[in-house]
Amino acid sequence: MAITDEVQRFGAPVRRWARHQKREYTQGEPRPLGGDLGAMGVYLGLVSAAAAAVRASGRELPDRIPPGDAALLAVATFRLARRIAKDPVTSPLRAPFTTYQGPSGHAEVAEEVREHGGVKHAIGELLTCPFCLAQWVATGLVFGYVTAPKATRLAALTMTLVAGSDVLQFVYDSIQNGALDPGGEEAGVQ
């Protein structure tokens, strides 16, 4: 009983400080600082567990990653993060945390975070933000690269090919819409 009393006694000022910081930061807006802190804790826990597993396996970390592999992983990170955050097919992953708002660009959807404040808000923001997801995706790809480089390169190649195909789709659409018309917009100007 004495230990719990001491924890309560020392914890009270920390809780007061945290509430004050949240009030000052949010200025009344529903920001999920606790949920964001939880997400950072989950990330740190996963990275720590993966690092411990790599260490326990006896695998050597690479001294450097060849530029070609780094580029492959970068493009794959971009494509996979965007796929998770914006693709209609991955909507079921986001559905518990978001509401559908409509289409957004080519083959993408716009969604709003369903709850304001708390853990579900933080998860909703993470799942709808390709910039936020990129950190998680890149970390997964890097640990994959360290533990199973051939399989990770193959998975990264798949997403990189999809990204390349996306670029070609946009180029094709532009051509179909007159991007190569020699008169361009000026042809209609008098």
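## Terms and model

Buried residues have under 20% relative accessible area, exposed ones over 50%, and partly exposed ones fall in between (1.4 Å probe, protein chains only). By that scale, Arg-83 is partly exposed, with a relative accessible area of 26%.

The model is predicted, so local features need pLDDT of at least 70 and side-chain atom pairs count only at pLDDT 80 or more, while totals for chains, interfaces and linings use all residues. Residues are numbered from 1 along each chain as its sequence is written, and side-chain values use heavy atoms, with hydrogens and water left out.

## Salt bridges

Side chains of opposite charge can pair when their charged atoms come close. Searching the whole structure gives eight salt bridges, each defined as a side-chain nitrogen of Lys or Arg within 4 Å of a carboxyl oxygen of Asp or Glu.

One of them joins Arg-31 to Glu-125, with the closest N and O atoms 2.7 Å apart. Arg-31 sits in the loop between helix H1 (2-26) and helix H2 (33-57), and Glu-125 in helix H5 (residues 118-128), so this pair ties together parts that are 94 residues apart in sequence. Helices here are DSSP runs (H or I, at least four residues), numbered from the N terminus. Arg-31 is partly exposed at 25% relative accessibility, and Glu-125 is partly exposed at 24%.

Asp-87 counts as buried, at 11% relative accessibility. Glu-115 and Lys-120 make another salt bridge, their closest N and O atoms being 3.5 Å apart. Glu-115 is partly exposed at 35%, and so is Lys-120 at 32%.

## How H2 meets H6

Two packed helices are described by the angle between their axes and the distance between the axes. The axes of H2 and helix H6 (residues 130-147) come within 11 Å and cross at roughly 5°; axes are lines fitted to C-alpha atoms over the stretch in contact, with angles running from 0 to 180 degrees between N-to-C directions. H2 is therefore roughly parallel to H6, a label for angles under 35 degrees.

Among the residues making the contact are Val-42, Tyr-43 and Leu-46 of H2, and Trp-136 and Phe-143 of H6. Contact means heavy atoms within 4.5 Å.

## Ile-175

Ile-175 belongs to helix H7 (residues 149-176). With 40% relative accessibility, Ile-175 counts as partly exposed.

Notes: Helices (H or I, at least four residues) and strands (E, at least two) are DSSP runs, numbered from the N terminus. Angles under 35 degrees count as roughly parallel, over 145 as roughly antiparallel, 65 to 115 as roughly perpendicular and the rest as oblique.
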